[in-house]
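Morning, everyone. I have one structure to walk through today, so let me put it up.

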Amino acid sequence: MRLVDQIISCDVQAKAGEVSTRLRSEAPYFRKQQFEAHWLLEIIAQAAAAISRVVGLATGAPPTEKPPLGFLIAIRSFYIEEAAVQLSEGEELLSKIRFEFDMETIGYCSGEIYAGDGLLLARSEMTFLSAEAGIHE
């Protein structure tokens, strides 16, 4: 299940970027037409995976038909603004990702999600394990 839509920007040197998500009614984050804000964690994780892949390709990782698997192994912090539960279908979110640490198979990033009006909705710090060694879905 892909929850992110488009990479807006990516600074390969800084290992940072922005990814957009348009909220869709058929996505798993809506239950009885109410947004379940804990899904913002998954949106941050998917945005981080997208930025990581672009950085990897730009720095010499071989292109593959399918992206390599990655695993979220730790959530160091997670903050949700109360307004996040008020999100509705069609709203556009912007995830801002920055990898603070990245070494072959493990990475640590910070991520923030903003509403279309610029309001911070969520932020998190996460640790990922990457299976760049050829394991694919």
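Start with the hairpin of β7 and β8. Five residues lie between the strands, and Gly 118 takes a positive phi near 90° there. Keep in mind that this is a predicted model.

Strand β7 covers residues 106–114, and it pairs with β8 in the antiparallel sense over nine bridges. Look at Glu 112. Its bridge partner in β8 is Arg 123.

Stay on Arg 123 for a moment. Where does its charged end sit? Over the ring of Tyr 79, 4.5 Å from the ring centre. There is a second case of this kind. The charged end of Lys 96 sits over the ring of Tyr 114, with 4.9 Å to the ring centre.

Next, β8 itself, residues 120–130.

As background, strands of a sheet pair through backbone hydrogen bonds, either parallel or antiparallel. In what order do the six strands run here? The order is β1-β2-β6-β7-β8-β5, in an open sheet with antiparallel pairing. Which strands stand at the edges? Those are β1, residues 6–11, and β5. Each has a single partner strand, so one side of each is left without a neighbour in the sheet. From one strand to the next, the twist averages 20°.

A helix goes with this sheet. Helix α1, residues 39–58, lies across β1, β2, β5, β6, β7 and β8. Against β6, the helix runs at about 60°.

Now the other part of the sheet. Strand β2 pairs with β6, residues 92–103, in the antiparallel sense over seven bridges. Within that pairing, Thr 21 stands opposite Leu 93 in β6.

Ser 20 belongs to strand β2, residues 16–22. Is Ser 20 buried or exposed? Its relative accessible area is 4%, so Ser 20 counts as buried. The side chain of Ser 20 still has a polar contact, 3.4 Å to the side chain of Glu 92. Leaving out residues up to four places away in sequence, Ser 20 touches Val 4, Asp 5, Gln 6, Ile 8, Glu 92 and Leu 93.

Last topic: aromatics. A pair of aromatic rings is described by the distance of the centres and the angle of the planes. How many aromatic pairs does the count come to? Four. I'll show two of them. Take Tyr 29 and Phe 30. Their ring centres are 5.3 Å apart and their planes stand at 65°, so this pair is edge-to-face. Phe 30 and Phe 35 also form an edge-to-face pair, at 5.8 Å centre to centre and 75° between the planes.

Tyr 29, Phe 30 and Phe 35 form one aromatic cluster. What about burial? Tyr 29 and Phe 30 are both buried. For Phe 30, the relative accessibility is 14%, and the cut-off for buried is under 20%. Phe 35 has a relative accessible area of 2%, so Phe 35 is buried as well.

That's my tour. Happy to turn the model around if anyone wants another view.

Note on methods
Residues numbered from 1 in each chain as written. Predicted model: local features only at pLDDT ≥ 70, side-chain atom pairs only at ≥ 80, totals over all residues. Heavy atoms only, no water. Helix = DSSP H or I, 4+ residues; strand = E, 2+ residues; numbered from the N terminus. Buried < 20%, exposed > 50% of the residue type's maximum accessible area, 1.4 Å probe, protein only. Polar contact = N/O pair within 3.5 Å; in protein donor to acceptor, adjacent residues only side chain to side chain. Contact = heavy atoms within 4.5 Å. Pairing = 2+ DSSP bridges. Phe/Tyr/Trp six-rings, centres within 6.5 Å; stacked < 30°, edge-to-face > 60°. Lys NZ or Arg CZ within 6 Å of the ring centre and 35° of its normal. Axes fitted to C-alpha atoms, helices over the stretch in contact; angles between N-to-C directions.
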